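Hi,

Here is the structure I promised to pass on.

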Amino acid sequence: MSISVLRTAGAWWVATPTGAAEVTTDATTTGQLLADRTALAAAAASGRTVDVATLELVSPVTAPCRVVAQMTNFASHVEDTGGNPATVPLTFFRKASGSISGPHDDVVRPAHVRLLDYEVEIGLVIGAEIPVGTEIGDDVSAYVAGLVVTNDVSARDVQLPQTQFYEAKSYPSFTPTGPALVLLDAVEFERFADLRLKLSVNGEVRQDRTVADMIHRPAEALRALARFQRLDPGDLVLTGTPVGTALSAPPKPVEIIGSLLPPALKWKLFFRGQERNPRYLQDGDVIEAGVATDDGVLDLGTQRTVVRHAR
């Protein structure tokens with residue numbers, strides 16, 4: 001049965017039907033907490049709870065940790081960016097763990113960023129050591145402790161000209177995480193494909209797809225990572241986002257013309273057009289991102305963040 005773990009600045013909590021029960025533990029990191037399952041079970045059974053609404057929640061994934069993300073991993077997103085889902089490779093990029101923020105913290109747009117985008121994603125929280133060379137089967141429950149809602153916030157005008165993702169996705173507050181770390185057993189992981197990712201901006205639904213749209217599932221991703229990347233308990237793996245981000249591929253005729261221009265002029269014209277796109281995030285925009293099965297049996301919760309422009 002799933003266990004929803006919450007975190008505040010000074011404590012860990014387990015969500016129960018009557019509220020949040022504090023966990024008695026010395027754990028200060030997510031990895032340490034995952035090794036103390038007895039404390040989690042004791043908290044859930046204690047019966048001593050407080051109203052979750054009274055808690056100021058922070059990310060249930062602590063930093064520092066490794067943050068690894070899959071690129072263009074939903075068929076709808078690949079098609080929207082002009083690619084072919086049948087031929088898209090399984091590729092990864094890294095984010096700085098300093099980008100992790102809480103489920104209700106502001107998303108802060110740096111002063112030099114003009115095109116701020118959103119990407120709701122499911123985060124895999126690693127629960128066991130995965131040394132390089134580990135052989136991983138189809139059952140990931142031995143290695144993945146649970147799942148979290150994440151938002152892979154992206155500075156597109158930094159990302160695209162650099163042709164790499166690290167800076168554009170690593171500014172502080174660019175990985176809102178939580179509200180809960182939902183620990184699952186092997187049977188519950190079988191419903192992974194039923195999870196629906198949903199994101200809205202100011203009440204307008206922008207992204208809404210189930211994992212059925214995902215190209216490379218967690219077992220395949222972890223097998224690929226284990227060839228070269230060690231992972232440890234508490235590390236975070238983002239699994240991609242569906243269609244609906246502000247950034248879309250230009251029409252083919254525009255793309256062909258753009259390919260004939262010098263790079264500096266091409267990007268100048270491209271970004272001038274993108275700045276007229278009202279879907280990019282603006283100061284005061286409210287982002288709500290959640291992941292759950294349609295029947296509500298598995299629910300990772302919903303995060304609510306507000307965009308603020310750095311002054």
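In this predicted model, five strands form an open sheet in the order E7-E18-E17-E14-E15, and their pairing is mixed. The edges are taken by strand E7 (107-109) and strand E15 (204-210); each has a single partner strand, so one side of each is left without a neighbour in the sheet. From one strand to the next, the twist averages 20°.

Strand E14 (residues 195-201) runs antiparallel to E15, and the two are joined over 6 bridges.

Is Ser76 buried or exposed? Its relative accessible area is 7%, and because the cut-off for buried is under 20%, Ser76 counts as buried. The side chain of Ser76 makes a polar contact of 2.5 Å with the side chain of Asp213. Leaving aside residues up to four places away in sequence, Ser76 touches Arg209, Asp213, Pro242 and Val243.

Finally, there is the second largest pocket, which holds about 290 Å³ of space. Its lining is made up of 14 residues, and Met1, Ser2, Ile3, Ser4 and Ala15 lie nearest the centre. Strand E1 (3-8) and strand E2 (11-16) are the elements that each give two or more residues to this lining, with E2 giving the most, at 3 residues.

Best wishes

Definitions and conventions:
Residues numbered from 1 in each chain as written. Predicted model: local features only at pLDDT ≥ 70, side-chain atom pairs only at ≥ 80, totals over all residues. Heavy atoms only, no water. Pairing = 2+ DSSP bridges. Helix = DSSP H or I, 4+ residues; strand = E, 2+ residues; numbered from the N terminus. Axes fitted to C-alpha atoms, helices over the stretch in contact; angles between N-to-C directions. Buried < 20%, exposed > 50% of the residue type's maximum accessible area, 1.4 Å probe, protein only. Polar contact = N/O pair within 3.5 Å; in protein donor to acceptor, adjacent residues only side chain to side chain. Contact = heavy atoms within 4.5 Å. 1 Å grid on protein atoms, 1.4 Å probe; cavity = no way out; pocket = protein on both sides within 12 Å on 5 of 7 lines; lining within 4 Å. Points joined across faces, edges and corners; volume = space filled by probe spheres on them.
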